[in-house]
Amino acid sequence: MCRYLSRDRSRLARLEPAANDIGADRPEQVRDAFARARARAHDVARREASAGERAVLHVGKIDLVDDHAGRPAGEGFRETGGEPRRPSPVPAGGIGCWYSSPMIVNNTISENTAPDGGGVYCFRSSPQIANSVIAANNAATAQGGGILCESCSAPRITNCTIAANTAPAGGGGISCDSSSSPVIVNTIVAFNSSGIYAPRGSSPVLRFNCVYGNTAYNYSPPPGPPGKAYGNISADPRFAADPTTGNVHLTGASPCINAGDPAGNYTGQTDIDGEPRVCYGRVDIGADEFLYHGPVDFDRDNDVDLTDFGFFRACFA
């Protein structure tokens, strides 16, 4: 099943156009397109909630496009089961950004497949991707299993967890291609088929990230000069479960706790669970802000067992 989902129904499909979007000369059309998409998302959530089911939005793919090609407003939104359908301006599996700068906040993007950009595809776009989980996506034939930044794209990726994604050609986690310059901060890139790929003149800015355990490499090439890469760690983030399950909560033994950028402004932000973004004096790395949920339930599954004991023991290893 291909899913693009939010844990909080009040924020389902929070995709808001920025003021400088391409197509901003017709802001009312862009705004109306997003409003219709959000209304459709909430309608799905309400129907599932009324049936006693967990509210999950099964949209598979959303394309965010400019309106300069004569398309009717909103045509870019396609519910295609997670595989791109033609005509489509970008080959994304989860979310495609085409000459646009949306906000993609507090979402989980998982189990999507596409030729490129299994989770999020950016073409000449600068979205803000924050407090989100991008996991178990697949770029079937090329690059960018989690996120593909292409053709001078400059997204800002903050407090995300990008895990268990695959791509055969490069950037199982994130691929920065064709002179792209993403800013990646407070983000976990772990256990993908490969980590962060930045060929052909691309220059990502990497600050306070955890890049670890990616099969082929963590960085290719290695991170840039200190002005563009600092505060990064490479250590097991100690997820509560296998990231392919979608449970990428941090355990108490995680080195990502209190390891994020101390200079950032996190006012009003929440993590993937809707909990406060800063809990213990300094922001965590990743989509989950660790919050102590009980005296011994370290993996936060509401069951105290030997797994919890293992996490407790690891704190003293």
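Reply: Let's start with the make-up of the lining: by class, the largest pocket is lined by 6 nonpolar, 9 polar and 5 charged residues. Here Ala, Val, Leu, Ile, Met, Phe, Trp, Tyr, Cys and Pro count as nonpolar, Asp, Glu, Lys and Arg as charged, and the others, Gly among them, as polar. Keep in mind that this is a predicted model, where local features need pLDDT of at least 70 and side-chain atom pairs count only at pLDDT 80 or more, while totals for chains, interfaces and linings use all residues. Residues are numbered from 1 along each chain as its sequence is written, and side-chain values use heavy atoms, with hydrogens and water left out.

The pocket holds about 350 Å³ of space. Of its 20 lining residues, Gln128, Ala130, Asn131, Thr158 and Gln269 are the closest to the centre. A pocket, on a 1 Å grid over the protein atoms alone, is an open set of points where a 1.4 Å probe fits, with protein on both sides within 12 Å along at least five of seven lines; lining residues have an atom within 4 Å of a point. Grid points are joined across faces, edges and corners, and the volume is the space filled by probe spheres set on the points.

Which strands supply at least two residues each of the lining? They are E5 (102–105), E9 (128–130) and E13 (156–158), and E9 gives the most, with 3 residues. Strands are DSSP runs of at least two residues (E), helices runs of at least four (H or I), both numbered from the N terminus. In all, the chain has 2 helices and 22 strands.

Asparagine 106 is buried, at 4% relative accessible area; buried means under 20%, exposed over 50%, and partly exposed in between (1.4 Å probe, protein chains only).

Now for strand E8 (residues 120–123). Val120 and Cys122 on one side and Tyr121 and Phe123 on the other are all buried, so both faces are covered. E8 pairs in the parallel sense with strand E4 (residues 95–98) over 4 bridges, and 4 bridges also join E8 to strand E12 (residues 147–150), again parallel. Two strands pair if DSSP finds at least two bridges between them.
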